[in-house]
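Open the model in your viewer and keep the selection panel at hand. The tour moves from one selection to the next, with a short account of what is found at each stop.

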Amino acid sequence: MACSTASLAATLLAFALLFQACLAGRRLTALVQEPGITMKYHKGALLSGRIAVNFIWYGNFSAPQRAVITDFVSSLSAAPAAGQPEPSVATWFKTARKYYASSKARFPALHVGSHVLDASYSLGKRLSDGDLLKLAAKGSPSRAINVVLTADDVAVDGFCMSRCGTHGASPRSRSGRFAYVWVGNPATQCPGQCAWPFHQPVYGPQAAALTPPNGDVGADGMVISLASMIVGTVTNPFGNGFYQEGSAAAPLEAATACAGVYGKGAYPGYAGSLLVDQASGASFNANGAHGRKYLVPALVDPDTSSCATLG
């Protein structure tokens, strides 16, 4: 009996020591911080002043689809009085403003500009980067971000395989220089790559798709890409602005460095904690103009060097 009691005591002691070791291990692990995401300013020119956002609609887009995307741009600089309850798109965009604190430029005031409709597919249904620049040139020649949006039946080099959108700038000319953005509609070609989390992903952890806030997987997916590209354009318009050290040809920027993060607690396959519209069941994290709701990506906050989400 004494032997049994001694054996039991030894076992309990070993268990207690093991538990303390595990507890210490957890505490040490909790003290390990993820490395910060540093966006270095490469001293290039930034956008400043009043900037028009012009739309070139290439292919067939319905009026409701155009309204979803146009209202998003209207939401970027809308005042609280314009009817955007918090959390709002305007507040989300203010994170990009922080980057300008380390430059001499004044943060740009974006406003909705002109619309060009090209429903006849004037350059065909397969486009190169050169074609995108030609289409972007249909917008304003200077003091503008010309946004090219391609319909779901238009193939663009690299679309779905390596990108959902891109941004760049025109060559310098006498008439000036414009920044441009391209985003494709992923609804039929690659919703799993470019409309997640409103569609199940092609690879990785599988979870149920979320309901898009505007009821259109393609348009709501385009908003996510457009949001990333506009922030990239504002903070790195000509390729020598703010981006993470590495390849300047394919830099990680304020939004792309936080890919897949939309709410707190996000991890691969999980977008994070989001708001849910009680009427439609749609997931969103930002309120926009005209009563719209949107899902916008996390942005690297230069004050904390981490991905910041709304809420």
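Begin by selecting helices H2 and H6, where H2 passes H6 in a right-handed crossing, a crossing being right-handed if the near helix is turned clockwise from the far one by less than a right angle, and left-handed if anticlockwise. Helices (H or I, at least four residues) are DSSP runs numbered from the N terminus. This is a predicted model, in which local features need pLDDT of at least 70 and side-chain atom pairs count only at pLDDT 80 or more, while totals for chains, interfaces and linings use all residues. Residues are numbered from 1 along each chain as its sequence is written, and side-chain values use heavy atoms, with hydrogens and water left out.

Two packed helices are described by the angle between their axes and the distance between the axes. For H2 (residues 63–76) and H6, the axes come within 10 Å and cross at roughly 30°, the axes being lines fitted to C-alpha atoms over the stretch in contact and the angles running from 0 to 180 degrees between N-to-C directions. H2 is therefore roughly parallel to H6, a term for angles under 35 degrees.

Now show the side chains: Gln65, Val68, Ile69, Phe72, Val73 and Leu76 of H2 meet Ala219, Met222, Val223, Leu226, Ala227 and Ile230 of H6, contact meaning heavy atoms within 4.5 Å. The residues of this contact of H2 with H6 divide into 11 nonpolar, 1 polar and no charged, where Ala, Val, Leu, Ile, Met, Phe, Trp, Tyr, Cys and Pro count as nonpolar, Asp, Glu, Lys and Arg as charged, and the others, Gly among them, as polar.

Beyond residues up to four places away in sequence, Leu110 touches Ile51, Val53, Leu76, Ser77, Phe93, Ile145, Ile230 and Val234.

Terms used. Helix = DSSP H or I, 4+ residues; strand = E, 2+ residues; numbered from the N terminus. Parallel < 35°, antiparallel > 145°, perpendicular 65-115°, else oblique.
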